[in-house]
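The sequence and structure come first.

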Amino acid sequence: MKRIIATEKAPAAIGPYSQAVEVNGTLYISGQVPLDPATMKVVEGGITEQTEQVMHNIGEILLEAGYSFSDVVKSTCLLSDMANFKAMNEVYGKYYSENPPARAAFAVKELPLGVMVEIETIAVK
């Protein structure tokens, strides 16, 4: 059975998608961008601040669904510039200090709202 996950502690969807969907013990979190859920504006600062906000948003969705970062099995990181990879990785690594998930990271031409980073996540119970 499909369960739609939504929390006001993470940014509302800015298109026709759900924050996350759970099916048979697997949680699929839509790509999160660095929006402050209170203002729905991109956080100020550079890649470090943007990655922190993205990871915070992912954490709130995981919590709402009854999961944690330790349940994450796969992440896909999209960057507007691979020059930001190291700084993104430093922030990302704080959330997965033990048994990190599988991951792919790509540079893309452009991300929604002109942000520097977007991360999608899959977690399993």
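Lys 94 is exposed, with a relative accessible area of 55%; exposed means over 50%, buried under 20% and partly exposed in between, with a 1.4 Å probe and protein chains only. The model is predicted, so local features need pLDDT of at least 70 and side-chain atom pairs count only at pLDDT 80 or more, while totals for chains, interfaces and linings use all residues. Residues are numbered from 1 along each chain as its sequence is written, and side-chain values use heavy atoms, with hydrogens and water left out.

**Salt bridges**

Lys 94 forms a salt bridge with Glu 52, a term that requires a side-chain nitrogen of Lys or Arg within 4 Å of a carboxyl oxygen of Asp or Glu. Glu 52 lies in helix α1 and Lys 94 in helix α2, so this pair ties together parts that are 42 residues apart in sequence. Helices (H or I, at least four residues) and strands (E, at least two) are DSSP runs, numbered from the N terminus. Glu 52 counts as partly exposed, at 24% relative accessibility.

The count comes to two salt bridges. The pair of Arg 3 and Glu 22 links strand β1 (residues 2-5) to strand β2 (residues 20-23), 19 residues apart. Arg 3 is partly exposed at 37% relative accessibility, whereas Glu 22 is buried at 14%.

| Salt bridge | Closest N and O atoms |
|---|---|
| Glu 52 and Lys 94 | 2.6 Å |
| Arg 3 and Glu 22 | 2.7 Å |

**Aromatic rings**

The whole structure holds three aromatic pairs. Rings of Phe, Tyr and Trp (its six-membered ring) pair if their centres lie within 6.5 Å; planes under 30 degrees apart count as stacked, over 60 as edge-to-face and the rest as tilted. Phe 69 and Tyr 96 are edge-to-face, at 5.5 Å centre to centre and 80° between the planes. Phe 69 lies in the loop between α1 (47-65) and β6 (72-79) and Tyr 96 in the loop between α2 (85-95) and β7 (102-107), so the pair ties together parts that are 27 residues apart in sequence. The rings of Tyr 92 and Tyr 96 have centres 4.8 Å apart and planes at 45°, so that pair is tilted. Both Tyr 92 and Tyr 96 are buried. One aromatic cluster is formed by Phe 69, Tyr 92, Tyr 95 and Tyr 96.

**Helix α1**

The 19 residues of α1 should span 27 Å at 1.5 Å a residue, and the end C-alpha atoms are 27 Å apart, which agrees; the expected span is 1.5 Å times one less than the number of residues. Just after α1, Gly 66 takes a positive phi of about 85°.
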